[in-house]
Amino acid sequence: MRVLALVDGEHYPPVTRWGLETARERGYEVAAAILVGGTEKIDPRRPPDVGVPLLVAGTATETLRAAILEHRPEGVLDLSDEPVLGYRERMALVAVALVAGVPYLGPDFRLDPPIDPPALGAATIAVIGTGKRTGKTAVAGAVARAADAQGLRPIVIAMGRGGPPEPEVAERDSVSVERLISLVKQGRHAASDYLEDALMAGVTTIGARRAGGGLAGRPFASNVREAAGLALARGPGLLVLEGSGAAVPPVPWDAGVLVVPGSAPPEYLGGYLGPFRLLLSDLVFFTMVENPDDGFGSLSALRSHVRRIRGDDLPIIVTNFRPVPLGDVRGRTVFFTTTAHGPAAARQVEHLEAEHGCRVVGWSPRLADRAGLTEDIDGASDFEVLLTELKAAAIDIACNRAIQRGAQVMFVDNRAVAVEGDTDVVTALNEAIGLAGRRAEERGVPRPEAPPGEADEGLEG
């Protein structure tokens, strides 16, 4: 394996040379070494002879990025150590290697890139996150609606832990309460993300599954590429890849949107492999921020990590979700179920009453707790409509209980709205969609033709 080696000045030069010779004996062809820091045992102004070309890093990440472009290694071999490369510093270098598609190796570890070529034959945008319940599905739905408004015929591919064994298509306007209840009766997961995407965004979606998730987000197993093949056969103008938890779709994309809750631990962006996800992204969505000043400490720290790792070239939009019923509930009594907790759930209730004119006679934040949800609904006073997110136990518990009580079922979409700045959500997403289109054209994907009768607005948004 042809590698770049990382070395430091905390080792005596003869020991560094011995380490590189040992690497060669173990089958590594060392194209060059990068001195990533450390001055205790060397003078970096007079780099020692270590037997291979030695690059002295100004900024280790930038030097590694440039060296990968120049030498095209098959791996990066880390022969450095703490304190020159601490845990966070090492992860930043791992991120650079993995984004370049290069494995990162060390004495007792190996991290492989989670994304496998080849690229897909359509403009592709990915929506990834730092973990579960960050708002990826809501943002992916917003991307799909924005693309649909441009006549791009988007298809969403949703990868989930409850996805189908074979990729499964949910056609536009095909998802109903009756279909979802039928899936439950078949013993299937009726709240899978692809069904939620089809229902909320009103576009065709394809469900895929994944098992496991690595440190960089690689699933242990997935059928996402098979789902992409099914989508490409339909001639979409844009593919929207939706990640699952902290796992990323294992196929390449042209533009990325990273979804991060405003309450996320800052280290999720600044440490671990948060830098990897930032380097893959072209837009950061901070979600579930009611007031940017309320969570100033966490949000400020998250922003600072974005700027430290990406400078000013990565757009940020700060948002919160607002519940939007998929029907008219004005003047009706409703029971509302959600996965939100505490003050966030209470604000959703207030918004429903103020903006949609219903009277919320009861609500449960325990949509992901089957026993608790059953208890809340059974203990509720009479209501005409169940308003529910399509998540967790929405179908097998909430809908069934509501129907047994003679209530109508209506779903609620969570839609992101900007809570600061001059850029609205649609504008930000249109820019990301346009970027995906331009990059796809640069790699030879033809610009999609508009369907008959529609203006050819293209991908520029």
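Buried means under 20% relative accessible area, exposed means over 50%, and partly exposed lies in between, with a 1.4 Å probe and protein chains only. The model is predicted, so that local features need pLDDT of at least 70 and side-chain atom pairs count only at pLDDT 80 or more, whereas totals for chains, interfaces and linings use all residues. Residues are numbered from 1 along each chain as its sequence is written, and side-chain values use heavy atoms, with hydrogens and water left out.

Select β1 (residues 2-7) and β2 (residues 29-35), which run parallel and are joined by six bridges. Helices (H or I, at least four residues) and strands (E, at least two) are DSSP runs numbered from the N terminus, and two strands pair if DSSP finds at least two bridges between them. Leu-4 has Ala-32 of β2 as its bridge partner. Six of the seven residues of β2 are buried.

Next, select Arg-72 in the loop between α2 and β4. Arg-72 has a positive phi of about 50 degrees although it is not a glycine, and it is exposed, with a relative accessible area of 60%.

Move to Pro-83, in the loop between β4 (75-78) and α3. The peptide bond joining Glu-82 and Pro-83 is cis, with omega about 15 degrees. Then select Pro-118, in the loop between β6 and β7 (124-129); the bond from Pro-117 to Pro-118 is cis, with omega near 5 degrees.

Arg-133 lies in the loop between β7 and α4 (136-149). Arg-133 also has a positive phi, of about 55 degrees, although it is not a glycine; at 36% relative accessibility it counts as partly exposed.

**An aromatic pair**

Rings of Phe, Tyr and Trp (its six-membered ring) pair if their centres lie within 6.5 Å; planes under 30 degrees apart count as stacked, over 60 as edge-to-face and the rest as tilted. By this rule the count comes to three aromatic pairs. One of them to select is Tyr-104 with Phe-109, a stacked pair at 6.1 Å centre to centre and 15 degrees between the planes. Tyr-104 is buried, at 0% relative accessible area, whereas Phe-109 is partly exposed, at 24%.

Select β18 (residues 385-388). Both of its faces are covered: Val-385 and Leu-387 on one side, and Leu-386 and Thr-388 on the other, are all buried. In a regular strand the side chains alternate between the two faces of the sheet.
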